[in-house]
Amino acid sequence: MDEWGVIAVLLIIFGSIFGVFYLFYSTRNKERLALIEKGAEATIFVKGRPKNAAPFWKVLILNISLLLMGIGFGVFLALILDTYTGLDSDAVYPSMIFFMAGVGLFAGFNLTKKLDKE
């Protein structure tokens, strides 16, 4: 791909991202103005958090830590499979990494639900 093709692709990507955010915020602003004109209360714009919800930082740290542990464990399992079996290493490593990362995210989801209940 020549230089102009790379520039065109980058412009399309960044333009699409800008367009999505612009449409989201302009539409939200128009909806709010229409509700205010009709006399709706301003409290509908404030999203209330449930009183028993876990703080965002705890959920983020929990999910990131479980994701990274899953990736590490996936690399470890892939190394074991590659060493002791005749499986193709080009297929074992990505599959085990993605599989264990998914298991880690699923465990994080379940632990987050438990954290919110407490």
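Tyr22 counts as exposed, because its relative accessibility is 52%; exposed means over 50% relative accessible area, buried means under 20%, and partly exposed lies in between, with a 1.4 Å probe and protein chains only. Phe18 also counts as exposed, because its relative accessibility is 58%. Residues are numbered from 1 along each chain as its sequence is written, and side-chain values use heavy atoms, with hydrogens and water left out.

Let me continue with the aromatic rings. How many aromatic pairs does the structure hold? It holds three. Phe18 and Tyr22 form a stacked pair, with 6.0 Å from centre to centre and 20° between the planes. For the terms: rings of Phe, Tyr and Trp (its six-membered ring) pair if their centres lie within 6.5 Å, and planes under 30 degrees apart count as stacked, over 60 as edge-to-face, and the rest as tilted. Phe18 and Tyr22 are separated by about one helical turn, because they are four residues apart in helix H1 (residues 3-37). Phe24 and Tyr25 form an edge-to-face pair, with 5.0 Å from centre to centre and 75° between the planes. Phe24 is partly exposed, with a relative accessible area of 46%, and Tyr25 counts as partly exposed at 43%.

Ser26 also has its place in helix H1. Is Ser26 buried or exposed? Its relative accessibility is 19%, so Ser26 counts as buried. The side chain of Ser26 reaches the backbone oxygen of Leu23 at 3.4 Å. This is a polar contact, defined as a pair of N or O atoms within 3.5 Å; within protein, one must be able to donate a hydrogen and the other to accept it, and residues adjacent in sequence count only if both atoms are side-chain atoms.

I turn to the helices as elements. The protein has three helices and zero strands, and from the N terminus on, its elements run α-α-α. Helices (H or I, at least four residues) and strands (E, at least two) are DSSP runs, numbered from the N terminus. The 35 residues of H1 should span 51 Å at 1.5 Å a residue, and its end C-alpha atoms are 50 Å apart, which agrees. The expected span is 1.5 Å times one less than the number of residues in the helix. After H1 comes Gly39, whose phi is positive, near 90°.

H2 has 29 residues and reaches 42 Å from its first C-alpha to its last, close to the 42 Å expected. The 29 residues of H3 (residues 89-117) should likewise span 42 Å, and the end C-alpha atoms of H3 are 42 Å apart, which agrees.

What do the buried residues of H3 pack against? They pack against helix H2 (56-84). The buried residues of H3 are Val92, Met96, Met100, Ala101, Gly104, Gly108 and Thr112. An α-helix has 3.6 residues a turn, so residues three or four places apart point the same way.

Thr112 counts as buried, because its relative accessibility is 12%. Leaving out residues up to four places away in sequence, Thr112 touches Val59, Leu62 and Asn63, where contact means heavy atoms within 4.5 Å. Lys117 is also placed in helix H3, but counts as exposed, because its relative accessibility is 72%. Lys117 and Ala54 are 63 residues apart in sequence, yet 8.6 Å apart in space, C-alpha to C-alpha.

Finally, the protein as a whole. Of its 118 residues, 13% count as buried. Among contacts between residues at least 6 apart in sequence, 57% join residues at least 24 apart. The protein exposes about 9,700 Å², and carbon and sulfur atoms supply 72% of it; accessible areas come from the Shrake-Rupley method with a 1.4 Å probe, and for residues only the protein chains shown count as cover.

As for confidence, the mean pLDDT is 86, and 88% of residues reach 70 or more; pLDDT is the predictor's confidence in each residue, from 0 to 100. Among the elements, H3 has the lowest mean pLDDT (89) and H2 the highest (91). Where pLDDT is low, the predicted coordinates should not be read in detail.

Definitions and conventions:
Predicted model: local features only at pLDDT ≥ 70, side-chain atom pairs only at ≥ 80, totals over all residues.
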